[in-house]
Amino acid sequence: MIGDRIRELRSARRMSQTELAKAIHVSQQAITKWENGKSEPSSSAIDDIANYFNVSSDYLLERTSEKTPDKDLSKNQKLVAYSIDPNISDEERKDIIEMVKIAMKNRRRV
């Protein structure tokens, strides 16, 4: 649940809901509803939260356990890494991404 991730990130910084609300320009009640699962943030609010905490929106949406995206890979390289098998674990995806990085380095040496 996205509310759990928001609470986790906010708590890690020892922030109150009011402080987070002010930082991303929403009401404290909105933060409470998100964290309690009574409503979900809009896509723009998700983007604001992700930017504020320097995490990926995929992390907030629990699509990955990685807080930050792998910025070393191009969009096409990520597509290859993630499309090999949609049912593999995050750990296996990390291994595939590492293999893609190694292949990129080896290609540059030639």
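Guide: In this predicted model, helix H4 is followed by Asn-54, whose phi is positive, near 55°.

Visitor: Which residues of helix H4 are buried?

Guide: The general idea is that an α-helix has 3.6 residues a turn, so residues three or four places apart point the same way. In this structure, H4 spans residues 43–53, and its buried residues are Ala-45, Ile-46, Ile-49, Ala-50 and Phe-53. Seen down the axis of H4, these buried residues fall within an arc of 135°, so they line one face of the helix.

Visitor: What does the face of H4 turned away from its buried side carry, and what covers the buried residues?

Guide: The face turned away from the buried side carries Ser-43 and Asn-51, both of them exposed. As for the buried residues of H4, what covers them includes helix H1 (2–12), helix H2 (17–24), helix H3 (28–35) and helix H5 (57–60).

Visitor: At what angle do H2 and H4 pack?

Guide: Two packed helices are described by the angle between their axes and the distance between the axes. For H2 and H4 the angle is about 105°, and the axes are 10 Å apart, which makes H2 roughly perpendicular to H4. The contact is made by Leu-20, Ala-23 and Ile-24 on the H2 side, and by Asp-48, Ile-49, Tyr-52 and Phe-53 on the H4 side.

Visitor: How many aromatic pairs are there, and which residues form the pair?

Guide: Ring pairs are read from the distance between the ring centres and the angle between the planes, where an angle over 60 degrees counts as edge-to-face. The count here comes to 1 aromatic pair: Tyr-52 and Phe-53 are edge-to-face, at 5.1 Å centre to centre and with 85° between the planes.

Visitor: Over the face of which residue does Arg-5 lie?

Guide: Arg-5, which is found in helix H1, lies over the face of Tyr-59, at 4.0 Å from the ring centre. At 14% relative accessibility, Arg-5 counts as buried.

Terms used:
Residues numbered from 1 in each chain as written. Predicted model: local features only at pLDDT ≥ 70, side-chain atom pairs only at ≥ 80, totals over all residues. Heavy atoms only, no water. Phe/Tyr/Trp six-rings, centres within 6.5 Å; stacked < 30°, edge-to-face > 60°. Lys NZ or Arg CZ within 6 Å of the ring centre and 35° of its normal. Buried < 20%, exposed > 50% of the residue type's maximum accessible area, 1.4 Å probe, protein only. Helix = DSSP H or I, 4+ residues; strand = E, 2+ residues; numbered from the N terminus. Arc of directions from axis to C-beta. Contact = heavy atoms within 4.5 Å. Axes fitted to C-alpha atoms, helices over the stretch in contact; angles between N-to-C directions. Parallel < 35°, antiparallel > 145°, perpendicular 65-115°, else oblique.
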